[in-house]
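Have a look at the sequence and the fold first, then read on.

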Amino acid sequence: MNSIATAQKLAEDLELGPLDKDVRRHLVYTLGHGEEEPRPEYLYRALALAVRDRLVARWLDTRRQVEDAEVKQAYYLSMEFLIGRSLTNAVLNLGLEKPVEDALRQYGTQLEEIADYEHDAGLGNGGLGRLAACFLDSCAVLRLPVMGYGIRYEYGMFHQRIENGRQVEEPDHWLRDGNPWEFERAEDARRVHFYGRSELYFDSDGVHHSRWVDTHDVLAVPYDMPIPGFRNDTVNTLRLWRSAATEEFDLHDFNAGDYAEAVAEKNLAEQISMVLYPNDASENGKELRLKQQYFLVSASLQDTLAKWIARYGRDFTRFHEKHCFQLNDTHPACAVPELMRLLMDEHHLSWEEAWEITTHSMAYTNHTLLPEALERWSVALFSRLLPRLTEIIYEINRRFLKEVEAKWPGDDQKKREMSLIEEGDHPHFRMSYLAIVGSFSVNGVAQLHTELLKQGLFRNFYELWPHKFNNKTNGVTPRRWLYHCNPRLRDLITEAIGSGWIDDLDLLEDLLPKAGDPEFRERWRLVKQENKRRLARYVAENTGVAFPEHFLFDVQVKRIHEYKRQLLNALHVIHLYDRICRGDTAGMVPRCVLIGGKAAPGYFVAKLIIKLINNVAAVINSDARTQDLLKVVFFPNYRVSAMEIICPGTELSEQISTAGKEASGTGNMKFMMNGALTIGTLDGANIEIRERVGDDNFFLFGLDAQQVIETRKNYDPNRIIAEDPDIRRVMELLEGGRFNEREPGIFDVLIGGLRNPHDQWLTIADLRSYIDTQQRVNDTYKDQQEWNRKSIINTAMSGFFSSDRTIRQYADEIWGIKPFRTQ
C-alpha cells in the first residue's frame, strides 16, 4: 500500500464527530482556548480546521484515484492565484451550511461574521489571478486531474489606503496569523540554482554535456492547499512554493559577532517569495521579478520530474503523453528552457529528445495585447542570473531561425522581427516569442483578442504555425460568483427553474420566459434592492458616504490602468456634475458611482487618476446641489471579498476599455451573471456578451478596434473639445482647477494626455458617444419593469461564461485529459 493509500485509510479510520464538537475540540486542544465565549478570531480558526478535516479524506482519495488511473495530468503554472477566502468556499462546496450554522449558533454568531476574520489570500492582483482561481475550481468540479503551481507570497499585492485622495500602499501581510488551509510538504523541497556559470564536460562514455556550476542555491519548500469540487468528493491541489535558504545561518559569522552577515543568505533567499510583484522600476526589482519567475518554473518542473522518476524511472519517452504544462501568460515562459536544461543536463537526454518532449508538453495562454506588458528581459541580467538557460535560449533561437529561413528564404527583416533576441545596444529576450516557439498550443482568451493576436502581435508566428493558434474565451466560476455571493438571487432562480443550473449554467436560459412575467420581474427587483441595501451599508462602513438605495448603482471595479479608462468614467461624472450645477436636471435619474481598484506602485498616471476620482468625489459629495442626484466614491482596497458584496448590488457594469486593448475581462461576466446591464465598447469578451444578450440588452458605445486604428491616423482631440459644448465644459472644470483648488497644476499630466493627438487610449474620441449612451441608460432605468426584464435576460444568457465551459475546452482541445473516476 503506497503512502497516499495508507494516509487515506488512516483518515477513514479516524471518524470525525459532529461539526460543533470538532470546533470545540480544536478550540481547546489545537488552539488552547477553553473559554465559553472565545474570541471570534479563534473561533474562525477552529471552524476552519474542523472544515479542513472534512476535506482531507476526500483529498487523499482524489490523489490515490489519479495515481491509480495513471491518467494524463495538466499543470497550471501561474504567478497569481487570487483565491479569496477559503472558509466560505469550502463550506459551500462541502454542503456544510446547516451544520456550520448550528455550530456557530452556540456561540451567538454566524458564518458571515466569522468569515470576516479570514484574510484574503494575497496570492494575486487582478483578473489573471482570479481567472486562475476560477479555473482550479472548475477543474475540481469537473473531476479533472489538474494541479496548480504558484508562489506562496508572504505579502500580497499591498493594502491600499487612501490619504488626501492618494493611494498609499501598506504591506498586506496576509499570513501574519498563519494559514489553516495549507499543509507544508518539506519532504518535497527542491533546490533552485541562480548565478554561477556553465561549463562543458565529457562523461565516462566520452559524451559531451553541459552543466551549471558554482551556483547560489535556494530551497523551494512546497505548501499544498486543497481545492474542493462542488459536492462531488473531489479535492485537487494548489501547490505553492516558499523560498528558503539552504542553510539557515552561518554559525562561524554568528559566533564572531557578525550577526547581520550570519543571516544574510537566509534573508536573500526569503526575498524571492516575500512580495507579490516587487516594483521593477529599479534594476534590483527587475532581478527579483525574474528570480520569482524562474523559481516558480524550476521548482514545479523538478517536482513533476521527481514524481515521474519515482513511478517510472528515468525513461522519459512517454513523459509528454502524461503531462501538459499550461503557462498562464508570459511570466512562466522560462519553463521552456528550464525543462530542456533538466532533461539534458540532469537526465542526459539529447537535444532532439528533450525538444520533442518540451514542445509536446508546453501550452501558452496570452493575456495581453499591450506590447509593453509582454515580458522582455535584458540579456545582460538574464545571463548573469541564469547563465545555463541563456545558452539554451540562444540555441533554441539558432534552430528556430533556420525554420524562418526555410519559410521566408533571404528575408533578414523577417528574422529580425521573429528572433527570440531583440538586438541593439542592449539586447533583450522576447519571452512571449520563446513561449510560442516552445509550445504546441497558443491561445487567446476572447474571440477578438485571439484574432488580434493572429493579425497583429503574433502575425508572423501565425503565418508560420497556424495550427498552434486557438481561442478559449475566459469564464468565471458560478459557485462563487452567483451561488455563494448572491444567495437571494440563487434561491429565486432555483425556485423558478430548479437546481440543475448549479452544475450546468446553460440551464439559466430557462429563465428567459420569466423575463416577460411582471410578477417575477418584481421579485427580481426586490432581490436586487436588498443586495443594493447590503452594498450601501458596506460602502458607508468603508468610505463614510451614504448611497441612497433608490439611486442607480453604477460600478467600475478593476485594476487601475489607462487602457481600462477609469478616466473616461470620471469625465462623465464631471459632465453630470456640470449639468446639475447648471440646473439641467430634467429627467435625470439619481446615480451612485462606485469606482475601485489598485494601481501598480510605480504607475504614476494610474495613481494620479485615483487622486482625480477622489477629488471629484469630494467636491460632488460636499455640494448641496448634488445630494438628491449624484454620489461618487472611490472604494479603497478592492479585493475578492469586496467584489462578493459589490457584484450582487451592481445595476450598471462599466466595461469601457479602448477597443482592441482588453484581452477578455472577467468582471464583465460576474456582473452579467448577477443581472447587471453592461455599458461597454466592442472589446474583449464584451463582444461575446453582446452577441448572447442581444443589442437591445447591452449599452454599446465608442469606436471598434478597426476604427481605433483609423482614428489614430488623424486624431485631433482639441477640435473635438472645441466643437462639443458638453465636453468643452467638462474640460473647463478640469482645467480651471475646480477639483484641485488647493493643489494647482496637479492634474496637468492627465489634461495634457487627454489633449494629446497621440493619446493611444482615445478617451476624448469616445467621450461624446459615452455621454449619449449613458443618457440611454438613464432613460431605460426610468422604466423599472423594462430594466428588470433586461436584467433577467443578462443572467439567463450568462451560461456560456462559466469557467466550467472554458475548462472543458482546455481539457478537450489542448490538454487532452479526461475526468478520472470517482466512487
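This is a predicted model: local features need pLDDT of at least 70, side-chain atom pairs count only at pLDDT 80 or more; totals for chains, interfaces and linings use all residues.

Local features need pLDDT of at least 70, side-chain atom pairs count only at pLDDT 80 or more, and totals for chains, interfaces and linings use all residues. Residues are numbered from 1 along each chain as its sequence is written, and side-chain values use heavy atoms, with hydrogens and water left out. Helices (H or I, at least four residues) and strands (E, at least two) are DSSP runs, numbered from the N terminus.

**A helix pair: α7 and α35**

- Helix α7 (residues 127–141) and helix α35 (residues 803–815) have axes that come within 9 Å and cross at roughly 75°.
- That angle makes α7 roughly perpendicular to α35; angles of 65 to 115 degrees count as roughly perpendicular, under 35 as roughly parallel, over 145 as roughly antiparallel and the rest as oblique.
- Axes here are lines fitted to C-alpha atoms, for helices over the stretch in contact, and angles run from 0 to 180 degrees between N-to-C directions.
- On the α7 side, the contact (heavy atoms within 4.5 Å) is made by Cys-134, Phe-135, Ser-138, Cys-139 and Val-141. The α35 side brings Ser-803, Asp-804, Thr-806, Ile-807, Tyr-810 and Trp-815.
- Sorted by class, the contact of α7 with α35 has 7 nonpolar, 3 polar and 1 charged residues. Ala, Val, Leu, Ile, Met, Phe, Trp, Tyr, Cys and Pro count as nonpolar, Asp, Glu, Lys and Arg as charged, and the others, Gly among them, as polar.

**Cavities**

- How many cavities of 30 Å³ or more does a search of the whole structure find? The search turns up 2.
- A cavity is a set of points, on a 1 Å grid over the protein atoms alone, where a 1.4 Å probe fits but cannot get out; lining residues have an atom within 4 Å of a point. Grid points are joined across faces, edges and corners, and a volume is the space filled by probe spheres set on the points.
- The largest cavity holds about 200 Å³ of space. Its lining counts 16 residues, with Ile-83, Asn-89, Ile-227, Pro-228 and Arg-480 nearest its centre.
- At least two lining residues of the largest cavity come from each of α4 (86–94), α7 and β9 (216–228).
- The lining of the largest cavity has 10 nonpolar, 2 polar and 4 charged residues.
- The second largest cavity holds about 70 Å³. It is lined by 13 residues, and those closest to its centre are Lys-558, Gln-655, Ile-656, Ser-657 and Glu-662.
- The lining of the second largest cavity has 1 nonpolar, 7 polar and 5 charged residues.

**Positive phi without glycine**

- Tyr-195 is not a glycine, yet has a positive phi of about 60°. Tyr-195 sits in the loop between β6 (190–194) and β7 (197–202).
- Is Tyr-195 buried or exposed? With a relative accessible area of 18%, Tyr-195 is buried (buried means under 20% relative accessible area, exposed over 50%, partly exposed in between, with a 1.4 Å probe and protein chains only).
- Arg-565, also not a glycine, has a positive phi of about 60°. You'll find Arg-565 in the loop between β18 (552–557) and α24 (566–582), buried with a relative accessible area of 1%.

**Other residues worth a click**

- Asn-443 is in strand β16 (residues 441–444) and counts as buried at 0% relative accessibility. Not counting residues up to four places away in sequence, Asn-443 touches several residues, including Tyr-364, Asn-470, Lys-472, Tyr-810 and Ile-814.
- Ser-791 is in helix α34 (residues 784–796) and is buried, with a relative accessible area of 2%. Leaving aside neighbours within four places in sequence, Ser-791 is in contact with Trp-524, Gly-675 and Leu-677.
- Glu-182, in the loop between β4 (166–170) and β5 (183–184), is buried with a relative accessible area of 13%. Beyond neighbours within four places in sequence, Glu-182's contacts include Arg-52 and Arg-152.
- Lys-307, in helix α11 (residues 283–312), counts as partly exposed at 38% relative accessibility.

Note on methods: On a 1 Å grid over the protein atoms alone, a cavity is a set of points where a 1.4 Å probe fits but cannot get out, and a pocket is an open set with protein on both sides within 12 Å along at least five of seven lines; lining residues have an atom within 4 Å of a point.
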